[in-house]
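Notebook open, structure about to go up on the screen.

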Amino acid sequence: MGDGRWRTAGSALVRVVVVWAVSTLTMLALAGLLPDFQLQSADGDSITRTAVTAVWGAGAFGLLTALVWPVVVRALLLVPALVLGLLVFFLNGSLLLIALWLVPDGRGAADPETAVVVAAVMSAVASATSTALAVRDDDAYRRRLYRLADRKRARAVTGGPEPAPGTLFLQLDGVGHQVLRDAVADGLMPTVAGWLDTSHRLTPWRTDWSSQTGASQLGILHGSNEDVPAFRWYEKDTGRLMVSNRPASAVELQRRAIARTGDGGLLSVDGASRGNLFSGGADQLALVLSMAARRGRRNRSRAGYFAYFSDPANAVRTAGSFVAEAVREVAQSIRARLRKETPRVSRGGTYPFVRAFATVVERDVVVAAVIGDLLAGRTAVYADLVAYDEVAHHSGPHGHDTDRVLARLDRSIALIAKVAEHAPRPYRIVLLSDHGQSPGETFEGAYGLTLRDLVRAGCGLPVPRRVRRTRSGSEARDAARDALRSALHRPVDEDGEQVGDHVRDTSDPIVLASGNLGLISFPGVPHRMTREEIDRRHPALLRTLANHPGIGFLLVASAEHGSVVLARDGAEVPVAELADDGPLAVFGRGAADTVRRTDGFRHVADIMVNSMYDPASGTVHAFEEQIGSHGGLGGEQAHPFLLSPVAFSEPVPAGTDLAGAEQLHQVLRRWLWECAGPQVPLEISPSTSDAEVFLPVDGPVVPEKNG
């Protein structure tokens, strides 16, 4: 025992000396290459004196990096993550200037800009050297990864039983079943391909009507996505706009799901939630959106960034990759414009930085957190990697841009799988997605007007002049005008507003978009309006919408039939009689069930609008600025994947469909039970009192400024 400790201490001392020596040589080399970086006095020094100065400077920089950097990063957790990433270079350069100031006789000097460059290079070299030395020593390699993920090493209770397998659920946001198959076939994802050949099975599953992360992940992690009709929707009883990726909305949705199921979530037993919208009941949380609405130091949503950015080499590498990714996006956008690729949406403004954050910063932080969880021996971990989904919205789900993202995701998966080999317990890794994406030109791009413009035209309300000048816009207004005349036999003024004996409704409809799913609500009416009420107020609206070529079908309540689905050419089917044929035939198996379920939601909109879908091309029309979209029915968006180890039981019996996020939750929960064995306490597990600060939330929700 004593000999082992001395060997460990000796090995650590050797690594420190080697890293110090390499850093010293790096500093000397940079002093020779950069004219504004000096390690000599103005009169010149001997080689020995210069070398001693470099030794002092490298040692001071290394010591400051180890002691001061984590404190500085923790103090800056209140700074937005994007700003923190850009501050990395400045902070590192500042530490180098302080280190040079600490050199005896003040012989070290550098301009601020040069200090940034020198600090970045030295951090990268020191990190690479330390890692190269550590990989030859498994214990050292694991200790380094623990530091990067801010975890202490997990240890089983002495004399306890062997730990049962842990489970990692890794979500590739927005990657559809067909996209994954194509990526494997094209050699973009060799790690996934190897698993399919040896240890895993691939199963498609079908989303609910609302094919988006909010609904899917709430169902997967908490077992219920009841009353989540879309990504964003208006609630008449509270007058609140719910948006799935707003913290206050996320925490409220999680609270409702927990109240409905009576269960904390999939990750309630020694779990970790990383990069998700919801906690899943986990004790260990990082970058979980529903945490951002909770007050208190431990509940800051950005607290997970500290674990990663506390290592300056990580910070420098990620910041450099962030800049490179932003430049890559600008270059790809310019190339698309020069080639006149269609469809195409705007990719300017802040989008290059948003993309870089999703594809670099969030990926790196989440992967580091997952590595820490594996090495800590967590029982269940659920993490979301959002890179593909973000890029596919603006570049389309198929093409060069998304291919590169998929290849990088595969490398992240390979790294995680490699680290799992060093974990204190065996792990079964499940890959899955929450939805796919369907390509297609936007509704506005195809027809010259937005869904809101079309609704206003159907209601006889003014629309922008740019819409009046488009063919589709003028046709919509003419159709609305004709319908009004024939229905009421009354005149219509130039703006399309009804005049005469009827009092015009002064409350404008609220029109919201969730991919190719649109929601129309009339806030002036406290209940869900029926078709008959809508026809009395706006005789042309439903006909204008149902007969538009860019719209597939509508769902609206009916006093006579309960609820009905309306489509082109006067198609009308009561929801009670709805089947996967008629107006829903093109949307495939299960469409009728998803529509029928949504119709029963308390907060379903007055009018639910699903865009058209062309099965030949697989395209839809998003009601927002996205050429790769999800949120409704039609195409690949509703068909994500589940890649699971064959050691688990079959997800569903042969010949049956895996339909809906709630059913998927039951499958994942069953697999956790299959892994269940004697629980091995971990020294890092929080106490009962500490765990109580985490969700489920039963306190008040922090209000949104714009909610």
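I count a salt bridge when a side-chain nitrogen of Lys or Arg is within 4 Å of a carboxyl oxygen of Asp or Glu. Before I start: this is a predicted model, where local features need pLDDT of at least 70 and side-chain atom pairs count only at pLDDT 80 or more, while totals for chains, interfaces and linings use all residues. Residues are numbered from 1 along each chain as its sequence is written, and side-chain values use heavy atoms, with hydrogens and water left out.

**Entry: charges.** I found 31 salt bridges in the structure. Arg378 and Asp270 make one of them, at 3.2 Å from N to O. These two sit 108 residues apart, Arg378 in the loop between α13 (351-376) and β9, Asp270 in the loop between α10 (247-261) and β7 (271-274). My helices (H or I, at least four residues) and strands (E, at least two) are DSSP runs, numbered from the N terminus. Arg378 also meets Asp373 in a salt bridge, at 3.9 Å from N to O.

Is Arg378 buried or exposed? I call a residue buried under 20% relative accessible area, exposed over 50% and partly exposed in between (1.4 Å probe, protein chains only). Arg378 is buried because its relative accessibility is 2%. Asp373 is buried too, at 0%, and so is Asp270.

I then looked at Lys418 and Glu421, whose closest N and O atoms are 3.4 Å apart in a salt bridge. Here Lys418 is partly exposed at 44%, and Glu421 is exposed at 57%.

**Entry: rings.** I pair rings of Phe, Tyr and Trp (its six-membered ring) if their centres lie within 6.5 Å; planes under 30 degrees apart are stacked, over 60 edge-to-face, the rest tilted. That gave me eight aromatic pairs. Phe169 and Tyr382 form a tilted one, with 6.1 Å between centres and 35 degrees between planes. It links strand β3 (residues 166-172), which holds Phe169, to strand β9 (residues 380-385), which holds Tyr382, 213 residues apart. Phe169 is buried at 0%, as is Tyr382 at 0%. I also noted a cluster that ring pairs make of Trp209, Phe553, Phe587 and Tyr613.

Entry: Cys459 is buried at 11%, and Cys675 is buried at 6%.

Helix α17 (residues 451-458) is largely enclosed by the rest of the structure, because seven of its eight residues are buried. Just after α17, Gly460 has a positive phi of about 75 degrees.
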